[in-house]
Amino acid sequence: MKILMVAKDALEAQGIRWILQSHFTGIQLTVLDNMKGLLNTIQYEKPDFIIVDMDKWTWENDTLKDALQTNKIRWLGISSERVFRVAYLGLCLHAEDILFRPFSPSDLIKQIQQVRFQIRNEQHQVQNSRNEKLEGVDVNYADFFMTERMYNQPVIMSAFLTPHVNTLPFVYDTIQGYHFTGKHQFFALSHFILGVHETEESTLLKEEYRRFLTHWKEKMEEPLALIINASTKKTTIKEIYQQTKQLTEQVFFEGYDIILSEDDRSGWQELDPFLTPLEQRQWIEMLEKRDIKAIREWVEHEFFTYRRPYPSPDMVRIRLTSVLAQIRRYMKAYKTNEVEWEAAYHNVFQQIIRKPVIYQIVSELLTFITQLLIPGHDSLQEGAGTLVEKVKTMIESNYWDTQWNLAACAEGLRMNKSTLSRRFAVESGQSFRETLHQVRIREAKRLLQETDLSLEEISRLTGYSHQTYFSAKFKQLEACTPLAYRSRI
């Protein structure tokens with residue numbers, strides 16, 4: 001560690017040298033007589049740390065200020081004057097600290113220890129980054145699908161999933177800019193990002209993934225699920241991939257913004273996807289009586305009580321379509337000529353097939369059944385639309401605020417966040433997040449049409465802190481980019 005020092009006098013310089021030599025090894029200390037000598041030395045070599053007598057530093061000396069800022073040199077100030085000028089100079093130039101005479105040797109030792117730790121940590125990160133770039137994991141796409149290759153080193157496989165696949169490019173870019181320790185490589189697949197880590201330190205990797213999830217949520221609003229498959233069995237890359245892929249399917253039951261590990265993996269539980277004759281008769285009775293309460297209890301008990309080991313998501317989807325078939329029979333008997341109900345029915349069918357999380361599917365199904373069975377009502381109860389109107393009014397008033405979200409809305413309405421989310425989804429037919437994005441993109445379209453503001457400015461004015469995320473959501477909802485929309489106008 002190279003340290004340059006300009007002290008008050010030779011006695012102080014000798015005392016500091018003695019302190020450093022008696023407490024540290026590997027310290028190369030050069031004592032300079034004045035500020036001019038310090039500047040000349042910095043021009044030829046960049047030190048790790050500088051100790052400066054600030055009483056010798058004239059306020060007009062911009063040359064040293066420029067040298068410290070340009071070279072990003074850490075420095076410590078020493079002064080006999082507890083005045084504003086000294087403190088202000090230290091703040092402006094980001095001093096590690098300022099020690100006022102007489103100072104304790106332990107204060108100086110503490111500062112050197114902290115700087116040495118920071119330097120070593122930075123060097124370690126740079127070295128890891130270089131190693132990872134030069135020595136990626138020796139795995140390729142063919143190993144996941146075609147070959148039966150055994151890998152010689154312990155491997156942990158991971159997956160990153162979002163409910164909208166067009167967000168995956170942003171997930172991939174974020175991963176590439178994030179520091180993961182050890183040798184690793186990431187692969188972009190059609191429905192998720194796959195990671196391969198050459199390590200057996202699953203505990204450390206899980207901690208890194210928890211930090212990454214926090215980092216992602218601070219940057220993006222999009223839900224994200226992380227899968228970690230630290231299989232200890234000696235098997236092929238292809239088999240580990242198949243295990244990891246099966247783990248990703250459990251997001252159907254668990255939802256997003258979570259981390260699933262291999263401890264949560266198990267074989268699918270058997271499930272008869274079709275309604276029994278007894279269940280069919282029960283559905284006929286509930287529909288004939290228009291018993292919304294009984295239908296809700298049946299559906300929630302059937303589809304919200306799954307526990308590990310879960311049934312296959314495909315089997316659950318088929319069972320949901322079996323329920324929908326009973327509703328179809330009811331529609332043919334009572335609403336054969338109503339075209340709007342046909343469209344609503346097909347929309348629910350598409351939701352069952354495509355929605356990534358079972359909670360969203362069941363909410364859509366219950367909303368449809370309720371609207372079908374209660375004439376003249378678009379929600380579960382007469383006053384329910386009032387909640388939707390209140391929420392939409394708050395969205396219109398706050399969509400521009402990047403920090404405003406479901407929690408803030410619930411607080412404004414004095415409701416539990418989960419209750420608000422569930423009721424709004426059921427009563428409006430879409431989630432709070434989807435409604436918020438629709439309002440933001442609607443306003444963005446107006447600004448694109450009526451102003452010449454830049455995309456960065458429009459994204460900020462419509463509540464998006466990142467232009468790339470704004471562009472992705474715009475394309476998702478409008479099937480074109482903001483620039484393409486503006487050019488058509």
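Predicted model: local features only at pLDDT ≥ 70, side-chain atom pairs only at ≥ 80, totals over all residues.
Leaving aside its neighbours within four places in sequence, which residues is Ser79 in contact with? I looked these up and got Met54, Asp55, Val86, Leu99, Phe100 and Arg101, where contact means heavy atoms within 4.5 Å.

Residues are numbered from 1 along each chain as its sequence is written, and side-chain values use heavy atoms, with hydrogens and water left out.

Ser79 next. I found Ser79 in strand β4, residues 74–79 (strands are DSSP runs of E, at least two residues, numbered from the N terminus). Ser79 counts as buried because its relative accessibility is 0%; buried means under 20% relative accessible area with a 1.4 Å probe, protein chains only. The side chain of Ser79 makes a polar contact of 2.8 Å with the side chain of Asp55 (a pair of N or O atoms within 3.5 Å, one able to donate a hydrogen and the other to accept it; residues adjacent in sequence count only if both atoms are side-chain atoms). A polar atom of the Ser79 side chain also lies 3.0 Å from the backbone nitrogen of Glu81.

Then I checked Asp53. An unreviewed UniProt entry annotates Asp53 as "modified residue: 4-aspartylphosphate", and such annotations may be inferred rather than shown by experiment. Asp53 sits in strand β3, residues 49–53, and is buried, at 3% relative accessible area. Beyond neighbours within four places in sequence, Asp53 is in contact with Val6, Ala7, Lys8, Ile78 and Arg101.

Technical notes:
Helix = DSSP H or I, 4+ residues; strand = E, 2+ residues; numbered from the N terminus. Buried < 20%, exposed > 50% of the residue type's maximum accessible area, 1.4 Å probe, protein only.
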